[in-house]
Amino acid sequence: MGRLTKRAAMIAAVLGLVGCSGGGTAGTPPAASAAPVTLKLMDFSTEQTAFHKQVSDEYTRLYPNVTIQWVSIAQAQYEQTLPLAFQSKQAPDIFYWQKEGSNSMNWLMSNSWIGTVSPDGKVPSDWTKRWPAGSFQNGINMKNGKVYGFPWQDTQYWGPGYMYLNKAVFAQAGLDPNQAPTTWSQLADTCATIKSKTKAYCMAVPMKGTDWQRAWYAMAAGNMTDLLFDYKNGTFDLSDPRMLDTFNYLKGLYNKGYFAPGVQDKSFSRQQFAAGQAGIYMDGPWMVSVWDQLGFHSDGYVVAAHPNPDSGAAGALSSTNSTNDYWVSSQTQHAADAWKLIQWITNPTGFFVRNFLKNQFATLAFADSKKVLTDPAWQQIFKIGDTKGFRVSYPDPLLKCPALSTSSAYTDASALHPNWELQVMVDAITSNKDLKPAAQTVVSTRQQVLASELQKEAASGLNVSLSCYSFGTNGWDFTKSFNPASYPKS
Amino acid sequence: MPGASGSRFWIFVFLFPFLVLYGGFTVWPLLATAYYSLFNWDGIQPLTDFVGLGNYQKIWADPIFWLALKNTLVFAVAETAIKLPLTLVVAVLLTRRWLLFKSFFRTVFFLPVILPVALAGLVFTYLLNPSNGALNAFLVDHNLVHTPIDLLGHGNTALIAIILVATWQIFGQYMVYWMAALQNVPEELYEAADLDGAGELQKLWHITLPLIRPVAIIITLLAIVNALHVFGVVVTLTSGGPGQASYTVSYFIYNEAFSEAPFRYGYGSAAALLFAVLAFVFVSGQAVLARGALRRRQEYGV
Amino acid sequence: MAVAAGEAGEQVTLERPRQTHRLKRLDRSVYLNLVAVPVLLLISFFWAYPFLWTISTAFKTQLGAFTAGASLVPHPLELGNFARAWVTAGFSNYTANSFIYAVSSTLVELIKSALCGYVLARYRFPGRDLLYKIIVLTLFVPIVSIVIPQFVLIEHLGLLNSRLGVILAQSGGAGALYVLLFTGFFENLPQELFDAARVDGAGFLQTFWLMLPLARPIIAVVVIFQFVYSWNDFTIPLIFTLGQPNLQNLAVGMLYFQGTHTFDWTGFAAGILMSFTPVLLVFLAFQGYFVRGLAGAVKG
């Protein structure tokens, strides 16, 4: 008996060694197959298609039996076809989905679309160490101790709230772009100067469709929050006096002619800025690579933080653990190979990270983006992102009340008339109306849906209530990072 | 009328391909849509959340739906009233024997039909914008206006812009329909009228229109129905904006039901069906009014 | 002109008016052209301006397209858009598919709507009026949410990821309006034609075969519109070929210009220019059908 078990152990050890020949991290239990394997990945990053080809060529060079088929299609079509792919059993092996934000995992699980990241759901600690502490949370990307997702983009630097200043326009106006306006009055004065001294417009602010959000998030964050929900008091917030103040300030700028005229989309506004027809544009760090493609490089602009109200910052931009973007599908036939690929991709010093960052597609949560992104614009962005109080981590209702994973109240409330807030704001600006009545309608309608649905769910036994959504009682305010220890112990 | 059993067989054979394809790809999806409209459904989970007429109630009570409906009706009437007479005139002109370079002109007028709507929307956004757009450059340079007009930036003018761009885009299609219909009119009749000294307008009114009447009715129906379903131009030109000022029903359905996951197929289906009913009532009403007016004119001998 | 007495005299009297009439017609047509052609040319320029703008955009750089405003002259000139568009939109893979789908679905549509339209127009059978009313009614429903049931149907037929599935779906959708056009046209044919055919002993099929060429204008309409629709349609080819991307068509390829943060407009313009040439050729070929009319048929 003893000798048998010893031999079995030896065989298991040998098999274990064979299984470890790929990957690079110890302890990947089921061996990746040696037979020819095709891994299909899907997302909507069509601008990364050439890069994906590089990736699959390199991976096949390392593991000749594996072919990677990385398909990217336009976002609207992607969201329409992925459910159909799952329904007809043609789902890819790894796919991109983050529409539900931090609730994505629960939503994907309720559709039975995802499996664990590794075949058995367990991951080695030197893999999770690639991320900052607290990146793996139960209910967000883990469930019952098994890991289902992993954060893709970093959340400290990646998001709206940056202000770009066109050096040429500022020079024409006799202003120093390195002395960016830091308060609302300073911004108004800068605009007055630009308008009087140059032929350019002061600010390129897109307002078509949902593009108003770019300027809005940046400015609203300084006065309260960039989100349309107030997590301190548990209510939708467009009618809050502070939000109305921010709006009226922006409307004032519009009425004084400081915005480039017309209701434009973001492409147009960005090109206006790059062509030197506007002096200021607000958006996120993705602009660096967008403008590079337009032939407008970082020697032409300066990055600054968004201005705050004159009395000082009363809020900050939000960050949550919501970029768990790539998932292993439940229909994959090659779970072990998919896991091996994920480990290879997330290697902080590996081929993928180096070339991804070189292309400036995004900043990655599992890599030291600062080391690779050396463009001066990126250096400015990192400096701003590191500033205390620029972006704080917000509380997540899902972690306060885990029962929310099966609740649809908030989704129903916010999905009613998608982008309603942005639409009423654009309407109020372009027709010079008062925002308050429309904002109150929006807020009361949404809040009523939220409250009544939560009540119904609570009545049917789910442990949820409106208090799940308010964190003021936990001592949180908009300028502070939420302390994870404040979540009730589950 | 032939009705012998030999014909009966052929009638069946001739109807068969259409019935099969139409039944499978138009009727069945419509029935399914009606079925979905009775549920809250995200397109992914099984169909379990039956709400009966709940979706219809929600839509009926939604002021944005009624705004979209109003815009759609205004658009449909205006666009049809512009495009039908104009395309008929152009079609008549481009089928005259005496006109030179007919192929060239026909092709030019037809070009916008081939252009994908996405590109048409982009092009006109560039051409109409008040910062450096071609239209404003032209108007300002020729001193027709003092400040650039911002068609897309204001609610009331956005709808006008959509009407004009949509007319431009679909013009060639109706021109082609009319050209086909005009084939029913023998050239000899025009020649005889010329001999009698008839002017162009008289020829149009007394020869052309009466002879193409049956097809003209169908073309008018198609024109109104297609105008009621305007979608692509709204998406690419204004995204329903500014705000919601240029919302049309198809855009309302698209935005409410399909633009954000989780999708709301039940809600969208209900809106589609409700709109179909309202549109049918509207068009039938117009037809009844038109027939009534025609009868009254005949009574008065006008 | 021969002049002879008696008969000649008569001849002269008859000929001169005809001759002067012909001359008058020539004058008149020259005069009309002198007025109409310049006006049409002017309108054509403005009409086609967006198109010309697209053509010039295909030769511009992204930023150049923006700063050029209304100008049609690319400055700086950029020739690389076409090569990039060829690769991005997958022209080498997808052009054949576009042709296959467009030609096949056009044929299917033509056959099915001509046959059905003919029968609806000329024959009374039980359910005829009901069918006609249903066809008209179904025109009113917006087709936004129609794709899911169509997908389910094709899936159950086992035709997913096949060209046949795409062709069927593309020819199943909007056929109602073509049927109405054929019906209207066939209804309008003078009864004498049919009576003459019956007298000559033609059966059902032979009569139809005789009448069909008369419907050339409607055939041209169906061909042009179905071809354009199928060529530009990306929804159906995309959804029904999820497992086999090499079955997609050019219209799907055009989606690849849309990135997460940017839209490659100059590449898109170049791609559109390359891809609409076949459609333009189809139009040029079939628009000649609108010249000849019924005149010959009635006389004969």
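How many residues of chain A are in contact with chain B? In this predicted model, local features need pLDDT of at least 70 and side-chain atom pairs pLDDT 80 or more, while totals for chains, interfaces and linings use all residues. Residues are numbered from 1 along each chain as its sequence is written, chains are lettered from A and ligands numbered from 1 in the order written, and side-chain values use heavy atoms, without hydrogens and water.

**View 1. The interface of chain A and chain B.** Contact (heavy atoms within 4.5 Å) joins 31 residues of chain A to 31 residues of chain B. On the side of chain A that touches chain B, 13 residues are nonpolar, 13 polar and five charged; here Ala, Val, Leu, Ile, Met, Phe, Trp, Tyr, Cys and Pro count as nonpolar, Asp, Glu, Lys and Arg as charged, and the others, Gly among them, as polar.

**View 2. The open sheet of chain A.** Four strands lie in the order S2-S1-S3-S13, with mixed pairing. Strands are DSSP runs (E, at least two residues) and helices are runs of H or I (at least four), numbered from the N terminus; two strands pair if DSSP finds at least two bridges between them. Strands S2 (66-72) and S13 (326-328) of chain A are at the edges with a single partner strand each, so one side of each has no neighbour in the sheet.

**View 3. Strands S1 and S3 of chain A.** S1 (residues 37-43) and S3 (residues 94-96) of chain A pair in the parallel sense over two bridges. A:Met42 stands opposite A:Phe95 in S3(A).
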